Amino acid sequence: MSQRESYVPPTQQPSSQSTAIPIDTPGPSTQYLCGDCNQKVQLKKGDPIRCKECGHRVLYKERTKRMVQFEAR
């Protein structure tokens, strides 16, 4: 038998202490503006890109509140 044929994949043992991270962890959300009804929409990672009021799929990210300055040449 070759080494490839004698390979046995490791089995996962159930442990009393789980180190897995829950899937539904509340994460940071981002504010967007709907392009059709101008409604503010909060989306999290993995949410469908769609307005919750009208169903429009064009959303604009809100401008940041902190000052951004660029150096011009």
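Author: Accessible areas come from the Shrake-Rupley method with a 1.4 Å probe. In this predicted model, the chain exposes about 7800 Å², and carbon and sulfur atoms supply 50% of that area.

Reader: What percentage of the 73 residues is buried?

Author: A residue is buried when its relative accessible area is under 20%. Here, buried residues account for 7% of the 73 residues in the chain.

Reader: How many helices and strands does the chain contain?

Author: The chain has three strands and zero helices. Read from the N terminus, the order of elements is β-β-β.

Reader: Which residues make the nonpolar surface patch?

Author: A patch takes in residues with over 30% relative accessible area. In this chain, L33, V58 and Y60 make a nonpolar patch of about 260 Å². V58 is located in the loop between β2 (40-43) and β3 (59-61).

Reader: Why does V58 count as partly exposed?

Author: The class of partly exposed residues lies between the buried and exposed cut-offs, under 20% and over 50%. V58 is placed there because its relative accessibility is 38%.

Reader: Which residue forms a salt bridge with K40?

Author: A salt bridge requires a side-chain nitrogen of Lys or Arg within 4 Å of a carboxyl oxygen of Asp or Glu. K40 pairs with E62, and their closest N and O atoms are 3.8 Å apart. This pair links distant parts of the chain, 22 residues apart: K40 belongs to strand β2, and E62 to the segment after β3. The count of salt bridges is one.

Reader: Is K40 buried or exposed?

Author: K40 counts as exposed because its relative accessibility is 56%, whereas E62, at 23%, is partly exposed.

Key
Residues are numbered from 1 along each chain as its sequence is written. This is a predicted model: local features need pLDDT of at least 70, side-chain atom pairs count only at pLDDT 80 or more; totals for chains, interfaces and linings use all residues. Side-chain values use heavy atoms; hydrogens and water are left out. Helices (H or I, at least four residues) and strands (E, at least two) are DSSP runs, numbered from the N terminus. Buried means under 20% relative accessible area, exposed over 50%, partly exposed in between (1.4 Å probe, protein chains only). Patches are made of residues with over 30% relative accessible area and no salt bridge: like charges are joined within 9 Å, nonpolar side chains (Val, Leu, Ile, Met, Phe, Trp, Tyr) within 5 Å.
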